[in-house]
Amino acid sequence: MAEVSYVKASRVFSGNPPVRAVDELSLEVSDGEFLVLVGPSGSGKSTALRMLAGLEDVDEGAIHIGGKDVTNVPPKGRDIAMVFQSYALYPHMTVAENMGFALKLRGVPKTEIKAKVEEAAKMLDLTKYLERKPKALSGGQRQRVAMGRAIVREPSVFLMDEPLSNLDAKLRVETRANIAALQQRLGTTTIYVTHDQVEAMTMGHRVAVLKDGLLQQCDTPRALYDRPANAFVAGFIGSPAMNLKTVPITSEGAKLDGVIVPLSRAALDAAGGLDEVTFGIRPEALGIVPSGEEGMEMTVELVEELGADALVHGAVKIGDSSQRFVVRVDGRTPPTLGQHVKVAVRDHSEIHLFHPESGERLEA
Amino acid sequence: MTLVAEEVRIDVPVSGAPRRGVVSRAVGRLGNGFVQVLLAVVAVFWLVPVFGLLIASLRDEAANTSSGWWTVFTKPAELTLDNYAELVANQAVWQSFLNTFYIAVPATALVVVMASLASYALSWIDFPGRETLTVVVVGLLVMPIQVALIPVAKLFGAFGLFGTITGVVLFHVAFGLPFAIFLLRNFFTGIPRDLIEAARMDGATEWVIFKRVVLPVAKPAIASLTIFQFLWVWNDLLVALVFADQDSAPITVALRAQLRQFGTNIDMLSTGAFLSMIVPLAVFLLFQKYFVQGVLAGSTK
């Protein structure tokens, strides 16, 4: 059990110009917390994890585990276990040997290793497979062995680098829930890397969003969704993505296709002096209204039926250009392709405004 | 999905061959048959001389000079083990046979041990100048043995190694290492990085990673290298001819000394040649079981 902190930690790869894969990352993870690092590929999330693991150098700043500076400590001295994306099981060892390898190296007595391996195997439903080699296991079983290898060691921190990305969709959802439950039960501080924002939202106590090596925002999933700190986070968190359009504003509100969406006083004050803002609204905050009412004219280009809901993609004219919008509607009465519908803002409290250039959130 | 299918295959063998057309099956079988015939022909071409050598080694000199070895089929009574008894009794030839072991075994073992250690460092330990060192070592592959004979002979002379088994072994080790490192490094770098890092996270030192993870996974490459190096040293004539003296000469040199310009001592030659051939064959058969495909299967993804 331990808390983890990154103190302005950077990883710089030499080159011309040098690449700052992780740039002055500062992050506090408390004891027992499940923190998810999420971001698109190349955002530095895996590098940040590998720095914590000791597999990657820390070029600037420091990393602390359990209050101890481990910046220059080799991996074996950090008391951490890692689950790799590829699982990285030892192909010549049985499942039991794979799981007990770390304990064996530490000189733990054989009987104790056996007991611990069996206990972890029971937890992961692997008891039947202990004597098998990894090649005789299915993908899901291999993934569980990789988890077991980490659990058996009882480390103070678990690191997981996209452990679910090699599983098929159904198994991934199942394993996702299992990992979250397991973490809850063990209460071990866990840092989990993923590019999948659904995984991030469902598993993490807190989620840290990275982009180009820079921390964008770190907060609870709810807060990330409700109050994204900038346009990038707004577009990255949530599926389908938030509609983000740069629109002109007047003293009354934002101008969208002739419709003026009224904005709160505070929002207007924050945007004071700007002609345009990045206007963000989630698909579920939009709705299709009867043709008589006020709304944006939208031509339906694609309807994705998800069962309970349907996602309607369409084009709206804003100024001179045609912009694509996504609207979430009731799954039983979706519009048809090519139909012209009226779209209006259903919930005015769900409007997000961002600075058109910096992307920073406007209003407090 | 495919992984699930794999599991099914383990538990319940899928019954029934995949359905194929009559024509394609016929062509397949014909192609198969052709390949088998071809392989059989090649095997016979290789085996007949070996077999002839074996028979010749089992006939006395008079029989060998008066008729071909194939006449043995009509006169099997000619077969005798006298030649082998004579060879073992011949102190010089028997000693040279033993010398070959004294040369080939350490020259192989040293190369395998040193090359695997070096290859591990060159593939998985980060140190300044690693790339340059790799290029230099592997670049030594282009150095022909012949250009080194005289300088090394002088060097050995100065160190008192000339004419000793140690000298011959050292020369073989030096010239075996570039290829050995080239072969093993290529294999080692192909081991997934995750596997090495997983071991590092499990608390393994470099030595433990080498011994417990890399070596078991690299068995096929090490088996190939062992066979290569052993054959090359065992069959060497040139190096031994230059650096060995009467007492340290291996069997290749001793047999060459038995060659006469007129007349033959085929009984001695065929016996020695057959003996010197059977050992590498045994080594090959011993190590070939490690040539299994897919040692890394199941490790990653």
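Predicted model: local features only at pLDDT ≥ 70, side-chain atom pairs only at ≥ 80, totals over all residues.
## Strands that pair up in chain A

Two strands count as paired if DSSP finds at least two bridges between them. In S2(A), A:Tyr6 has A:Leu27 as its bridge partner. That is one spot in a pairing where S1(A) and strand S2 (residues 19-29) of chain A run antiparallel and are joined by seven bridges. The two strands make a hairpin, with five residues sitting between S1(A) and S2(A).

S1(A), which covers residues 4-13, also pairs with strand S4 (residues 60-65) of chain A, again in the antiparallel sense, this time over five bridges. If you want a place to look, find A:Ser10, which stands opposite A:Glu60 in S4(A).

## A mixed sheet of six strands

Next up in chain A is an open sheet whose six strands come in the order S6-S7-S8-S3-S9-S10, with mixed pairing. Which strands stand at the edges? They are strand S6 (80-83) and strand S10 (214-219) of chain A; each has a single partner strand, so one side of each is left without a neighbour in the sheet. On average, neighbouring strands here are turned by 15 degrees against each other, direction ignored.

Let's zoom in on one end of that order. Strand S9 (residues 206-211) of chain A runs antiparallel to S10(A), and five bridges join them.

## An antiparallel sheet of five strands

Chain A also has an open sheet of five strands, ordered S15-S19-S16-S17-S18, and here the pairing is antiparallel. Its edge strands are S15 (286-289) and S18 (321-330) of chain A, each pairing on one side only. From one strand to the next, the twist averages 45 degrees.

Inside this sheet, strand S16 (residues 296-305) of chain A pairs with strand S19 (residues 340-345) of chain A in the antiparallel sense, using four bridges. To see the two strands face each other, look for A:Met298, which is opposite A:Val341 in S19(A). While you're tracing strands, here's a handy rule: in a regular strand the side chains alternate between the two faces of the sheet.

## Two domains in chain B

Over to chain B, where the domain assignment gives domain 1 (21-80) and domain 2 (89-290). The C-alpha centres of these two domains of chain B lie 32 Å apart. How many residues are in contact? Eight residues from domain 1 of chain B meet seven residues from domain 2 of chain B.

On the side of domain 1 of chain B that touches domain 2 of chain B, helix H2 (22-57) and helix H3 (61-66) of chain B are the elements giving two or more residues. H2(B) gives the most, with four residues. By type, the residues on that side of domain 1 of chain B divide into three nonpolar, three polar and two charged.

## A kinked helix

Helix H8 (residues 165-189) of chain B has 25 residues and reaches 35 Å from its first C-alpha to its last, close to the 36 Å expected at 1.5 Å a residue. But H8(B) has a kink of about 35 degrees at B:Leu177, shortly before the proline B:Pro178.

## Where the chains meet

Finally, the two chains touch: 27 residues from chain B and 28 residues from chain A take part in the contact. On the chain B side, the elements giving two or more residues are helices H1 (2-11), H9 (193-201) and H10 (206-217) of chain B. H9(B) supplies the largest share, six residues. The residues on this side of chain B divide into 16 nonpolar, four polar and seven charged.

Methods: Residues numbered from 1 in each chain as written. Chains lettered and ligands numbered in written order. Axes fitted to C-alpha atoms, helices over the stretch in contact; angles between N-to-C directions. Domains from an automatic or database assignment. Nonpolar A, V, L, I, M, F, W, Y, C, P; charged D, E, K, R; others polar. Expected span 1.5 Å × (residues − 1). Bend = angle between axes of the 7 residues up to and from the residue.
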